[in-house]
Amino acid sequence: METPEIKTYPSIFNDVIGPVMRGPSSSHCAASLRIGRMCLDLMDGDIKEVYIEFDPNGSLATTHKGQGSDMGLYGGFMGWEADEEQLPNYLKAIEEAGIQIKIDIHPIGATHPNTYKITLKNHKETRMVTAISVGGGMIEIIEIDGASVSMAGDFYQTLVYIKSPDQIINHIENSFTCDEITVRKGDSSFIEIKANKFIPSSLEASLLEMKEVLFIKKVQPVLPIMARKDLNVPFISCNEMLEYNSDKNLELWELAVAYESMRGNISEDTVFEKMRAILKIMLNAIDLGLQGTKYTDRILGPQSLTFQERMDGKKLVEGDILNQVILYTSAMMEVKSSMGVIVAAPTAGSCGALPGAIIGIGRTLGLSEDEMVKAMLAAGIIGVFIAAHATFAAEVGGCMAECGSGSGMAAAGIVGLKKGSLSQSLSAASMALQSSLGMICDMIADRVEAPCLNRNVMAATNAISCANMALSDYDHLIPLDEVVETMKRVGDALPNTLRCTGLGGLAITKTAKEIEAKLAKGEIIQDKPFFKVC
């Protein structure tokens, strides 16, 4: 008897704030690395040949190289983590490992813009995997060897390849407690076992002795927070959260802790300390950015150094907090573009706005680390609502999904820093998201730098404005849940040319194409500013 499908809910640490990574884009680099890691497990750690197919109507056909999909996927084939220092040297590593890779772009019938169709070979076997990147580093493997599956990397998964399932499922269920067991039928048939650990070696040995069993594969989880059977959360929308809180009077950050504690089956103290660890990575990244960054293959150099100099010299329009936030947002984006370690928040392309705003304000006001952790948690629960009912993927919802989401999250966190009320935090998030509706994704020269830097700064400063308006009890009119629903509808209405394909907007201007050509020739752009007045 097969177990029912497991319910899934976003996790702050899986879906919203994280992963800790290097690379230009979480939905390209970190997600593809996770896909590659799972492919490596499927091949028992032995990959010799890879054939990768992208659909011309998707995002990856035009962005797989510049936005880091190749880098991440190849790194995954090497078994690397998302913050591996060697990632920029992925081509050399793959060559030294003797892995032959071919990429083709042709119709594959993909229904998702971030679809990977992968054929893996070694001297013993050939396996086929189809996977999608769904935004912010999150993935789903949707097919293995012609059999439909749904694998997000949040279980220990044992795949028992079989001739027939007769008696095998009963044997497994009588020997091992699992979360889900399902027969998958395709070009090959296998029993998929999801659990919080792999099947014990004794069960594995007994299965391999059965004539119906061909072989067994084990796929490790790639997410920090695991899923489980009978998973429940206290709420999954803003309205449900308010109802849950009707007799508790919790602050927004406390509600975030309650949610993530139940979602992850971890203590509330663990939730708080996990966010503290993430905050420290963000703080370190900003401080490194303020020292100046160097990296050849990018468009923009370390502009935050000039901003700091002119801010200190009183040459900018006054506004201590605003300018500090711009400075910190810029520094974080420069660390990302120089392949430094950052935290997707909620994505790598929008990694500057949330920490730039929270840390910039927190430091300027002399607030404690705990206060900034609370603000990040408050931001995280707003992100949960977006992840559950809209998207963080620019390939699906444009930059509204990335910088727009970051702005709404930051606005709620800023209200928390100023000791505003729960209703004011939700109002700020609503107004910031309203201000971001319809924002397109049209990165220049297939690099997640411009206009991404500008839009991160806009997201952070919009968050400040909306927080101050909420703290002044401006009427946001449209409830947060309805704004999030609107984000989904607007994203669906955007043409694919304006959703991270490089086929529209600023990406197809004359100057953008000139920059792209220079990069293709290996010319260093940031040391020779490509500056035109008009």
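Colleague: Which residues does Met-71 touch, not counting residues up to four places away in sequence?
Modeller: With those close neighbours set aside, Met-71 touches Cys-29, Leu-87, Tyr-90 and Met-339, where contact means heavy atoms within 4.5 Å. Please keep in mind that this is a predicted model, in which local features need pLDDT of at least 70 and side-chain atom pairs count only at pLDDT 80 or more, while totals for chains, interfaces and linings use all residues. Residues are numbered from 1 along each chain as its sequence is written, and side-chain values use heavy atoms, with hydrogens and water left out.

Colleague: How far apart are the C-alpha atoms of Met-71 and Leu-87?
Modeller: They are separated by 6.6 Å, although the two residues are 16 residues apart along the chain.

Colleague: Where is Met-71 found, then? And is Met-71 buried or exposed?
Modeller: Met-71 is found in helix H4, residues 69-77; helices (H or I, at least four residues) and strands (E, at least two) are DSSP runs, numbered from the N terminus. Met-71 counts as buried because its relative accessibility is 9%, and buried means under 20% relative accessible area, exposed means over 50%, and partly exposed is in between, with a 1.4 Å probe and protein chains only.

Colleague: OK, next one: what about Asp-269, buried or exposed?
Modeller: Asp-269, whose place is in helix H10 (residues 268-290), is exposed, with a relative accessible area of 61%. Asp-269 is twelve residues from Val-257 in sequence, and 8.5 Å from Val-257 in space, C-alpha to C-alpha.

Colleague: And Gln-324, buried or exposed?
Modeller: Gln-324 is buried, since its relative accessible area is 17%. This residue lies in helix H12, residues 320-337, and, leaving aside its neighbours within four places in sequence, Gln-324 is in contact with Met-311, Gly-360 and Thr-364.

Colleague: Let's switch to sheets. What is the order of the strands in the open sheet of six?
Modeller: The order is S3-S2-S4-S5-S6-S7, with mixed pairing, and two strands pair if DSSP finds at least two bridges between them. Strand S3 (100-105) and strand S7 (147-151) stand at the edges with a single partner strand each, so one side of each is left without a neighbour in the sheet.

Colleague: How many residues of S4 are buried?
Modeller: Five of the seven residues of S4 (residues 115-121) are buried, so this strand is largely enclosed by the rest of the structure.

Colleague: How many bridges join S4 to S5?
Modeller: Seven bridges join S4 to S5 (residues 126-135), and these two strands run antiparallel. A hairpin of four residues links S4 to S5, Thr-119 has Met-128 in S5 as its bridge partner, and Lys-117 stands opposite Thr-130 in S5.

Colleague: What about S2 and S4, over how many bridges do they pair?
Modeller: Strand S2 (residues 49-54) pairs with S4 over five bridges in the antiparallel sense, and Glu-49 has Lys-121 in S4 as its bridge partner.

Colleague: What order do the strands have in the open sheet of four?
Modeller: There the order is S9-S10-S8-S11, with antiparallel pairing. Strand S9 (180-185) and strand S11 (213-219) are at the edges, each with a single partner strand, so one side of each is left without a neighbour in the sheet. Strand S8 (residues 156-162) is joined to strand S10 (residues 189-195) by seven bridges, and Gln-157 stands opposite Lys-194 in S10.

Colleague: Last topic: at what angle do H17 and H18 pack?
Modeller: Helix H17 (residues 422-434) and helix H18 (residues 452-471) pack at an angle of about 135°, with their axes 8 Å apart, and that makes H17 oblique to H18. Axes are lines fitted to C-alpha atoms, for helices over the stretch in contact, and angles run from 0 to 180 degrees between N-to-C directions. Angles under 35 degrees count as roughly parallel, over 145 as roughly antiparallel, 65 to 115 as roughly perpendicular, and the rest as oblique.

Colleague: Which residues of H17 make the contact?
Modeller: On H17 they are Gln-424, Ser-427, Ala-428, Met-431 and Ala-432, while the residues of H18 include Asn-462, Cys-466 and Leu-471.
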